[in-house]
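Keep the viewer open and follow along.

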Amino acid sequence: GRVFKNTAYENMAFGLALAALVILISTRNWRVALIAAVALYTTISLTFTLIVWAGWKINVLEAIDITVAVGMAVDFTLHLAHTFVHARGDRRARTTKTLAVMGVSVTSGAVTTFAATLVLYLCNLNWFRKFGQFVTMLISMSFVTAMLGLCAALALFGPDEGEGDLAVPAALRAHFGAALKPKAASPVDVH
């Protein structure tokens, strides 16, 4: 059990670091990336709290769940953070626009993922049933943290337009081209 637990936690820590880097690269804003990384860590912490409350022990099945947790949890946070950096205005206006543009999509993603896990509850195999429970816990915590926690933090502490943006060195822009061009207008820019 101890080997599974240590390996799962190491993989989770690596996943959190990698997810934070992906968020930073995707948003190109250190303040948004920091707030989103805290939201992601909160999602994982809340999910593990539910696992403990459910009385689970860390064995092979749970170690696999923990290993994939960060990759599944980053989805809602990344969508909202990315939309936020493309919105115009002060932090509150940007948060409002983010929720207007992505709120329905994030909610739909949570509902459909939750619905897809329900069939796993009916399986006779313990792994499928536990995986369904795990995904339900993770998606629920990810949704609540992203839609409430992340958006509240962005509205209160997020950057106003242009604050916290990272400058991309010209050499990287030349090498990677269009992928690193300055943020262009997007559908979120409507006033």
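At what angle do helix α2 and α3 pack, and how far apart are their axes? The angle is about 145°, and the axes of helix α2 (residues 30–53) and α3 lie 9 Å apart. Please bear in mind that this is a predicted model.

**α2 with α3**
- The crossing of α2 past α3 is right-handed.
- On the α2 side, the contact is formed by V32, A36, A39, L40, T43, I44 and F48.
- The α3 side brings in I66, A69, V70, A73, V74, T77, A81, F84 and V85.
- Sorted by class, this contact holds 14 nonpolar residues, two polar and no charged.

**α1 with α3**
- Helix α1 (residues 2–27) packs on helix α3 (residues 60–86) at an angle of about 15°, and their axes are 9 Å apart.
- Since angles under 35 degrees count as roughly parallel, α1 is roughly parallel to α3.
- Here too you will find a right-handed crossing, that of α1 and α3.
- From α1, the contact uses F4, A8, Y9, N11, M12, G15, L16, A19, V22, I23, S26 and T27.
- α3 answers with V60, A63, I66, T67, V70, V74, T77, L78, A81, H82 and V85.
- By class, the residues where α1 touches α3 are 16 nonpolar, seven polar and no charged.

**α1 with α2**
- The axes of α1 and α2 cross at roughly 150° and come within 9 Å of each other.
- Angles over 145 degrees count as roughly antiparallel, and α1 and α2 are therefore roughly antiparallel to each other.
- α1 makes a right-handed crossing as it passes α2.

**Helix α5**
- While you are looking at α5, check A146, where a kink of about 35° is centred.

Key: Residues numbered from 1 in each chain as written. Predicted model: local features only at pLDDT ≥ 70, side-chain atom pairs only at ≥ 80, totals over all residues. Heavy atoms only, no water. Bend = angle between axes of the 7 residues up to and from the residue. Helix = DSSP H or I, 4+ residues; strand = E, 2+ residues; numbered from the N terminus. Axes fitted to C-alpha atoms, helices over the stretch in contact; angles between N-to-C directions. Parallel < 35°, antiparallel > 145°, perpendicular 65-115°, else oblique. Left-handed = near helix turned anticlockwise from the far one by under 90°. Contact = heavy atoms within 4.5 Å. Nonpolar A, V, L, I, M, F, W, Y, C, P; charged D, E, K, R; others polar.
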